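Work through the exercises below with the sequence and the model side by side. Try each task before you read its solution.

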Amino acid sequence: MSSALLTTVRSATAGPKSHGRNTSHPGLNIQRSGWWFIAPNLAGIVLFTFIPLLAVIFLSFTDWNLVSGVRGIKLVGIRNFTEVFQDPQFGASVVRTVLYAGVSVPLAIVFGLALAIALNRDIPGRGALRSIFFIPYIVNQVAIGMTWLMLMNPSAGVVNQILHSLGMQNAPAWFASSHWALPALILVAIWSEVGYVSLIYLSALQDAPADLYEAAEIDGANTWHRFLTVTWPALVPTTVFLVITELIGKSQTFGLVALLTNGGPGDSSTVVSFYMYQTAFKFYRFGYAAATGMVVFVGVLLLLSIAWATQRRSGRNAS
Amino acid sequence: MPREYVSEERAEHSSKRRRRRTLTRWSSGVLLWALAIIFLIPFVWMVSTSLKNNADAFKIPVQWIPDPVRWHSYVDVLTGEGSIVRPFVNSVIVAVVRVIGELTTATMAGYAFARLHFKGRDAVFFIYLATSTVPAQLLLVPRFVIFQQVGLYDTLLSLILPGMFTVLGTFLMRQFFVAQPAEFADAARVDGASEWKIFSRVYLPLAGPMLSALGILTFVWSWNDYETPLVMISSEKTYTLPLALSNFVDDQGAISANLTMAASVVSVIPILIIFLLLQRHFIAAITSSGIKG
């Protein structure tokens, strides 16, 4: 949901503006019917988004364990926030999330781009290939998680059987090992994301100007040079879009962690959203969980605005 | 240099290039197909294991083709204890109601934000924009608390209601209607048509592809959602499919492989059918929104 803003920004210039002739004399019935049209949606958004948003802000300044009922809510000022910043477990979970996102997003994007360029050629069965790579993305995480849990079973899983047959003596224990749990999660994430990334790149490649390619070809530019001078500049906006949405998505990774490792072994794969989930629904510290959520949300927002600003400035300097 | 000579040389050059291109075309085709097969291994394993006896699931070496082929896992997950029929029906109910609700409210609101002019429109739209940055995850805790207080906890409504009214759907519909010409409405207004008629008879019929895109996205998000039911649902009769699936792991972490995989196959089939039938709409929906559920 967080990328709706981006979508709007991306396509804000797409359509003609709606200010037509009728702006000057909006009839009374248009005035009233406008509100009628948005009423159902607005009512729902107020109830299930605005009010929860105010509630989570309020909760982040309280100490509450749910069991004590609404009367048991205690206001504690900013104590939760000072605690968040001194909480070593929270800090460690942030580091793991950054690691998880920092490795899986660039890899998924590089592989996805390579795949898109390969699929953009006239290859036998191109349409079928595109669909095959995309399938992991649309299948529910539980089915995917369960399957990988068995494939990466340390003793009898297919993955380690293959590694054994290739002569590897002590293959990793994957989800059962505190060293390998996070890398294994990253592998599964890349597998399920690559097809999506390549699909987005493919649609951008098909919009790229064909005559530029021909010009470069006549100039005798080699493939790599052609990629750098013609293809890549056309793909930069798509890449920025993908990096931002993927980073937002990965900062919220929850399902696979909950299913495959439950944050473990120990807390070796406890990413920040899973930490928040545990704080609320295992330890019933709702106020503190709300504060963690707020810190992460504001943190991600800040990082993105900084990235956005630097990217715009460097873009302006270049041109 | 004589003219013919140049063109001859160029012709030879280009035929060589064409031959080279056919070669790379076929070799990269073979490479990509090999990669695709590796990509599909988890799904092959899923189907194959669902047709095995549990004892054969972790045989060394891997038994890719089940011998004997046993269908009883499917019978078990559909009729046995912990049957996934009820969760399946629940998932269908939640997804269908969400799609209908989302399409109705988002289309109307998106149309109003794009095509109607009324006082406060831009202010409301700005608030929508600001809210769109808030991740659903952050709202999970307060939604849980609120639903718990009003007695909606552990009901299908707790999954349906927040999914029926989304800022994102409204945005997508607004983007669509903004791009439609205003002249249609002006002409209809001159003819004395009501605003509702202009919307339902003039603009709505144009929105077919956009509606199917949003409908597909909503269905897939709803069908695959694991986090929301994990928080909102506790009793087995309200389980949705992902929750029921995750429940195949017992308290000791042991898995009955063939049953889990059979249930997984059943959970994947509806999405695959939608994907294969509506592939073009599906891909257009994903690429135009660029959003993961």
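Contact means heavy atoms within 4.5 Å. This is a predicted model: local features need pLDDT of at least 70, side-chain atom pairs count only at pLDDT 80 or more, and totals for chains, interfaces and linings use all residues. Residues are numbered from 1 along each chain as its sequence is written, chains are lettered from A and ligands numbered from 1 in the order in which they are written, and side-chain values use heavy atoms, with hydrogens and water left out.

**Exercise 1. A tryptophan in a loop**

Task: Find Trp180(A) and say which residues it touches, not counting residues up to four places away in sequence.

Solution: 
- Step one is the place. Trp180(A) sits in the loop between α7 (158-165) and α8 (181-207) of chain A. Helices (H or I, at least four residues) and strands (E, at least two) are DSSP runs, numbered from the N terminus.
- Step two is the contacts. Trp180(A) touches Pro172(A) and Trp174(A), with residues up to four places away in sequence not counted.
- Step three is exposure. Buried means under 20% relative accessible area, exposed over 50%, partly exposed in between (1.4 Å probe, protein chains only). Trp180(A) has 38% relative accessibility, so it counts as partly exposed.
- Step four is a distance. From C-alpha to C-alpha, Trp180(A) and Ser268(A) are 9.0 Å apart in space, yet 88 residues apart in sequence.

**Exercise 2. Chain A as a whole**

Task: Count the helices and strands of chain A, then state what percentage of its residues is buried.

Solution: 
- Start with the elements: chain A has 13 helices and two strands.
- Next, burial: of the 319 residues in chain A, 50% are buried.
- Leaving aside neighbours within four places in sequence, Ser93(A) is in contact with Thr270(A), Val271(A), Val272(A) and Tyr275(A).
- Now the whole chain: among contacts in chain A between residues at least 6 apart in sequence, 64% join residues at least 24 apart.

**Exercise 3. The interface**

Solution: 
- The size of an interface is often given as the accessible area lost when the parts come together.
- Helix α2 (residues 28-59) of chain A gives the largest share of the side of chain A that touches chain B, 23 residues.
- By class, that side of chain A has 67 nonpolar, 31 polar and seven charged residues. Ala, Val, Leu, Ile, Met, Phe, Trp, Tyr, Cys and Pro count as nonpolar, Asp, Glu, Lys and Arg as charged, and the others, Gly among them, as polar.
- Count residues in contact: 105 of chain A with 105 of chain B.
- Zoom in on Asn224(B), in helix α10 (residues 208-224) of chain B. Not counting residues up to four places away in sequence, Asn224(B) touches Ile138(A), Val139(A), Asn140(A), Pro242(B) and Ile271(B). At 14% relative accessibility, Asn224(B) counts as buried.

**Exercise 4. Rings**

Task: Which class of aromatic pair do Phe113(B) and Phe125(B) form?

Solution: 
- Rings of Phe, Tyr and Trp (its six-membered ring) pair if their centres lie within 6.5 Å; planes under 30 degrees apart count as stacked, over 60 as edge-to-face and the rest as tilted.
- The count over all chains comes to 39 aromatic pairs.
- The ring centres of Phe113(B) and Phe125(B) are 5.1 Å apart and the planes at 55 degrees, so the pair is tilted.
- Phe113(B) lies in helix α3 (residues 85-115) of chain B and Phe125(B) in helix α4 (residues 121-131) of chain B, 12 residues apart. Phe113(B) and Phe125(B) are buried.

**Exercise 5. Backbone details**

Task: Is the peptide bond from Gly264(A) to Pro265(A) cis or trans?

Solution: 
- Most residues other than glycine have a negative phi, and most peptide bonds are trans.
- The bond from Gly264(A) to Pro265(A) is cis, with omega near -5 degrees.
- Pro265(A) lies in the loop between α11 (255-260) and α12 (272-281) of chain A.
- Asp154(B) has a positive phi, near 65 degrees. Asp154(B) is buried, with a relative accessible area of 16%.
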